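My entries follow the model.

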Amino acid sequence: MTRNAPSAFVYALSMELTFLGAAGEVTGSSYLLKVGSSRVLVDCGMFQGSPEAARKNWRPLAFDPRTLDAVVLTHAHIDHSGRLPILTNDGYRRRVYTTPPTVALCDILLKDAARLQAQEVERLNRHRERRRGKDGLTPLFDERDVGELLRRMSVVRYDQPVNVAPGVTIRFRDAGHILGSGMVEAVCQEGGRTITVLFSGDLGERGMPLMRDPERPTKADVVIMESTYGDRDHKSLGVSKNELRDAINDAVNCRGMILIPAFAVGRTQTLIYELNELLQAGEIKPLPVFIDSPMGVAATRLYETHRELFDEAALAYLSQGCNPLRFPTLKLVTSADESRALNGVPGPAIIIAGAGMCNGGRIMHHLRHHLYKDTTHVIIPGFQAEGTLGRRLVNGEKIVRIFGEPVMVKAKIHTIGGLSAHAGQTTLLDWFAGVAPSKPALYLTHGENGPRAALAAKVNERFGVKATLPMLGDTVSL
Ligand SMILES: [Zn+2]
């Protein structure tokens, strides 16, 4: 090997990708893209769900944040953005590229995450002090780190190419998942080679309220694709809406409470939209609907300020002078006192509150207060990770623990898959059909092993493309 001739070995390693989360599971999304000497991080999400998953957040980062050239963020959900403030805490001082609504949503979600961290660490430290004296934990990050992160954010509109590091130009395209969500097309140039690496981010389902359908790129050399629902389709939106209507009418008949755990961003707004339509069509009687979530309320207001991103149906509502996210019996609850006062509200009424997987937040109080009553209806509209209370309810457990105490489950539990903000198997396959003719290398992530293996089999059968199922920490040459 002479000094000047590039060796095959060096050439092969000149572009590579490391999977730092959401590899064989749904949460913790993070990828390190190396192109020559450039290092670009795509997403840096929290691991969520079981205590074992949460423990991964405390592991040291697999890289020194000060060596990164840029960070790119697909969307604001905590399982994609939640560890970003650790980067600023550890000295990252370059830019974070994302869409304008994502910046605003991160402001809401990450400041809340910082407060939750502080509370959780305080609780753990009290526990540890009782057991073995003072050796306190410190939070992974605080509100100052979040503030520093927000100052590093550079807004990028959909379809606007931006050179984020030498040899790496990115472009966001509408992923149709939540407000501001994007897939990332990264055009990478190194040693005379140019390849397009496409990160799907989280893909939305087609035909969902408010959001436009995900765009379908037609060319990529490498595709990193989510597989949350790789093994199944959701029920249709129409069927789910009927189920929502029937569950509500059931609860109205027995004057029960209807509890709906929902993510503050995305699911909450979809629910408001659907309830509005049911009310307008006279399919349910007017009843109080409480959005008991400061974040859900803030996110709903933010959706209202980004009407330019709505789909045609929502724009048609607006053109008739109607706001699809407001109706007369909708009450927005922000203060803790107002939230506590909901305990005294007689049914029938609907309470929509976080956390979406019943692993914290105000929904826990409402569940503790109402799960033991047979007049209560719990409507689960989204994915419930292993180890969460939501998953136990879906699995039909008859006694669950809330705040350390056993609670009998007499409430009726409904799961309504059609309101998911994630693409089902058919939409995932149709999305991949756009890029399949370019025979890309395909990596399936953001899915438990069952669903992603099922999707891999379908992709192979339909397109003759063999997918790789990477594990945490794997590095591949591009
Ligand atoms: Zn998401």
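The entries below take the sheet and then the core.

I worked on a predicted model, in which local features need pLDDT of at least 70, side-chain atom pairs count only at pLDDT 80 or more, and totals for chains, interfaces and linings use all residues. Residues are numbered from 1 along each chain as its sequence is written.

I found an open sheet of six strands, in the order 14-13-15-12-16-19, with parallel pairing. Strand 14 (330–333) and strand 19 (412–415) are at the edges with a single partner strand each, so one side of each has no neighbour in the sheet. I took strands as DSSP runs of E of at least two residues and helices as runs of H or I of at least four, numbered from the N terminus; two strands pair if DSSP finds at least two bridges between them. Strand 13 (residues 289–292) runs parallel to strand 14 and is joined to it by four bridges. In this pair, Asp292 stands opposite Val333 of strand 14.

**Core.** I then looked up the largest nonpolar core, which has 133 residues; Val71, Val72 and Leu109 have the most contacts inside it. Such a core is a set of buried Ala, Val, Leu, Ile, Met, Phe, Trp, Tyr and Cys residues joined through C-beta atoms within 7 Å, where buried means that 20 or more other C-beta atoms, placed from the backbone, lie within 10 Å of the residue's own. Helix 5 (residues 100–132) gives the most to this core, namely eight residues.

Definitions and conventions. A residue is buried if 20 or more other C-beta atoms lie within 10 Å of its own, exposed if 12 or fewer, and partly exposed in between; C-beta atoms are placed from the backbone.
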